[in-house]
Amino acid sequence: MTHLFNRMFRFVLCGLVLLGTLQAFAATTEVVDAIGRKVRITTPVQRVVLNFNFEEFTAVAGKEGWTKVVGISRAPWEGWRPVIFKRYSAVIPNLQAMPDIGNSDDGNFSAEKVIALKPDVLFIAEWTYKSLETARAQIESAGIPILVIDYNAQQLERHLASTRAIGKVMGNEARAEELASLYEHEYKDVLARIAKAGGASNKKVYVELGQAGPDTVGNSYSGTMWGKLLTTLGAVNVADGKLTGPWGPVNAEAVIADNPDLIFIAGSSWINKPKAVKTGYEATPDITRKSLEPYSQRAGWGSLKAVKAGEVHAIEHGLCRTLFDYVAMQYIAKQLYPEAFRDVDPEAAFRSYHTKYLPVAYSGTWMLRLKP
Amino acid sequence: MTLVTDAVTQEYQRAAHQRSRVLVAAGLALLLGVLLDAATGPAFLPIGQVAQAVWGEAQDASVHAIVWAIRLPVALTAVAVGAALGLSGAIMQTILNNPLASSYTLGISAGAGFGASLAIVLGIALPLPESYAIAANAILFAALTCAGVYWIGGARAASAEGLILAGIALLFLFQALLSGLQMIASPESLQQVVFWLFGSLQKSTWPKLAAVVAVLLLCVPFLVRDLWNLTAMKLGDARAAALGVDVRALRLRSFVLISMLTGVAVAFVGTIGFVGLVAPHLSRMLVGEDQRGFLPTSALLGSLLLSLASVASKTIKPGAVIPIGIVTALIGVPFFMWMVVRHRRSYW
Amino acid sequence: MTISVQGLHVAYGKKSVLHHVNLQAGSGRVLGIIGPNGCGKSTLIKAIAGLLPAQGHIRFHGATQRPRAIGYMPQDSQAMAALTVLEVVLLGRIAQLHLKVRNDDLNAVSQTLGSLGIGALAPVRMSDISGGQRQLVYLAQALVAQPRYLLLDEPTSALDISHQLEVLAFVRGITRAQGLTTVMVLHDLNAAARYCDDIALMSEGRVVRCDAAAHVLGRDAVSEVFDVETESLRCHDGIEVLVAIRKKAVAP
């Protein structure tokens, strides 16, 4: 009898100790998000909802991190980058059927769906956060912490803060630190090379989203995304001063009048956009060039410096506002300062990033000059 | 005094009973509508859980949050805004003696929409937190439009035709200005403006609901005082004046009420059309022109319409929420056509 | 309960419509106002009812303040409201109505409709009755608040002769029975001769004669004002009936 009792007693004691230790692990951590908000989160988190920057999340939290994801905004990934989404679905089992919480751009972001998924944390992009006053309040009133990440601003501090925040929440701080350091190193390296090359080039650069084909003037950017990148790299952004907001189409005449030295058309792997510039995992250089060629045929473009000098490029739109946008920076910088960046290989950098941090294999064309 | 049982008493009692019956029936239907509204939504919660949460005994914190922070404000805002729209449409049709008068056709909604867009696109607004700034602008411009209609329509003469023409002129003006704003808007502002113009109950919160209810309650005593005066307006300006009604002052008072009701309704949920047109017509068909029945019934039917539209907006495409302005238009247009076709014999 | 009008001037903008109008209406008596089209009959009665701005004096029982108990029946009856007859007549008591309609109100409506013979019309919509019946309803509306002063603008214009006689007799009857002061605009001279105690004959915004009916309706006065040649016939009850024969010939 006593023997049995002793065993039971020890069992119970072990159980209590275990419980005690577990309690110690379920702690409330304070995390500072990308826009400086201090958010209290109970770690470790078991259920996560993501709104944007899925590749960043994957790099930091790894494939395993996805087992904790219970809902995402499907439109900004499946809708905007369908080919990329497909590849990730192949290696992340729960991605294809992931519940959709809606997208603020389409006006169908649903606080109700988020709350119903009972997440321990909601990661949202800064642009979503800004447009969702009521929904934010509703989600927070349900006790769900909101963590804002921001890669769109193309600011070093925000890139780093966002990465570290994800790491802290998901319990992958080491990896997050590694990525942050990598990004900071590459970013500063680009700036250093530019400084060594004699500072800002003041070459005029025009970036346009090549989604609707050459017959439509696609969006350009100022002060954010590509626009911010260009300014950081010391180029003169043709769109600056011509847009009513952070992004929008620039008047075709104004582009010709400015006569840019370099032109980048941002392409991607959109479906149902037959005239778009094609880049991404499934694009070959031929395909990319064929889709880019019509742009150089635009009315009045034949006389542009960029076209005459063969400085028309395709670049994947999905490269900006990410943790690997330094490869885009390297590529653009390479065109602006050929000497200073002679030994830099953006493609190789991107390939290496894939191998080290992403569960998807590198392939395809991401950055390409029109004239081979 | 003994009651003479004759045609007069019979008719009066019949009318009174009809009024009560309609109010009770509409009230019950509304209750049902609200419950349905609270029970539907993209989270597909089982009714039992919703009911539990309403009683305050939610098993689940998330269910409680969904029901109390999202569903109930939406359902109750539908009731309040529907009542405001139905009421303002009813008053407008009475004082302007026109079956097409509504805050939509008189440009008041367009003015409010323009005010809201001004805040969204150009940031020209009163210094308030964002969602309230947009609402405040909407109310301000609704008031300005009402004042404009009144002034252009000839404040001194204030005939019905003059006011209607002024209203239509302002409708076109604000629609043109709105288009102009949309042209210069950045893509994000443009999106916001478009969604605002669609109308949506999804941004309802308890404080906003309180504001709408406060305005509704504020209007009630003024309407009660003028119930018989408004009924007299149905006889035409000359006869109403002959009965001693100060027609000009009554129109002015009514315009102030209309501007408040429309302004506050549009301010928080965007432009929602047809409720202000359909509810009074239905009310008239059911209880007649005696304003003691006509006004409350218009309000109640407005609430019912919007409540059902809210349910429809969530169930037409399960999991998604269609903007409610679109749903009310889809209901309103066929009704409008039926009205035009059916009423050979004028009941107006 | 007399109505006394002195020096009344009414102008629409620059145009003067009533000049220097004087008349008297006594209690228990019916004053008829007659005259050619456009002479200002309706304007005069509207001014007495207080619906137009006017200069001059209008006194009710000596006081200048207009009493509440005036029953005014305007001329036009085109408004086809969707109101029922009951509702229209009830509105005649608008000054006394509360949120809840009381038995007093309903009884008054009942009695008034009954005395005009249209009690059965109570539930009917205004748009569903004839023009003549509508006129009776509006008369009922003027009467239902039990006014001391009755101002009627062409109360029988849409009625057939049988109803005309009935209504005019009724108006004279209650005027005498209740001591009301009644002013009626009529355009049928002979009806005026028969049913009015006093008559004010108007021409071009002025009251040409205001006296007992028999004294006003002479052949000369009428010919002058209406610009017609008349013949008169005397009826069995002693009342002279004037018949217009032709327009006055213009002197070459």
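How many residues of chain C are in contact with chain B? In this predicted model, 31 residues of chain C meet 31 residues of chain B. Two elements of chain C, α2 (85–91) and α3 (103–115), each give two or more residues to the side that touches chain B. Of the elements, α3(C) gives the most, with seven residues. By class, this side of chain C has 22 nonpolar residues, six polar and three charged.

Chain A also touches chain B. This contact takes 20 residues from chain A and 23 residues from chain B. On the chain A side, α5 (111–116), α7 (133–141) and β10 (247–249) each supply at least two residues. The largest share comes from α5(A), with five residues. The side of chain A that touches chain B divides into 10 polar, five nonpolar and five charged residues.

Chain A holds an open sheet of five strands. Its order is β9-β7-β11-β12-β13, and the pairing is mixed. The edges are formed by β9 (236–237) and β13 (367–369) of chain A. Each of these has a single partner strand, so one side of each is left without a neighbour in the sheet. The partner relation at one end is antiparallel: β12 (residues 312–316) of chain A and β13(A) pair over three bridges. Within this region, Ile315(A) has Met367(A) of β13(A) as its bridge partner.

A helix covers part of this topic too. Helix α14 (residues 325–336) of chain A packs on the sheet. The strands touched by α14 are β11 (262–267), β12 and β13 of chain A. The direction of α14 makes about 175° with that of β12(A).

Methods:
Residues are numbered from 1 along each chain as its sequence is written. Chains are lettered from A and ligands numbered from 1 in the order in which they are written. This is a predicted model: local features need pLDDT of at least 70, side-chain atom pairs count only at pLDDT 80 or more; totals for chains, interfaces and linings use all residues. Two residues are in contact if their C-beta atoms, placed from the backbone, lie within 7 Å. Helices (H or I, at least four residues) and strands (E, at least two) are DSSP runs, numbered from the N terminus. Ala, Val, Leu, Ile, Met, Phe, Trp, Tyr, Cys and Pro count as nonpolar, Asp, Glu, Lys and Arg as charged, and the others, Gly among them, as polar. Two strands pair if DSSP finds at least two bridges between them. Axes are lines fitted to C-alpha atoms, for helices over the stretch in contact, and angles run from 0 to 180 degrees between N-to-C directions.
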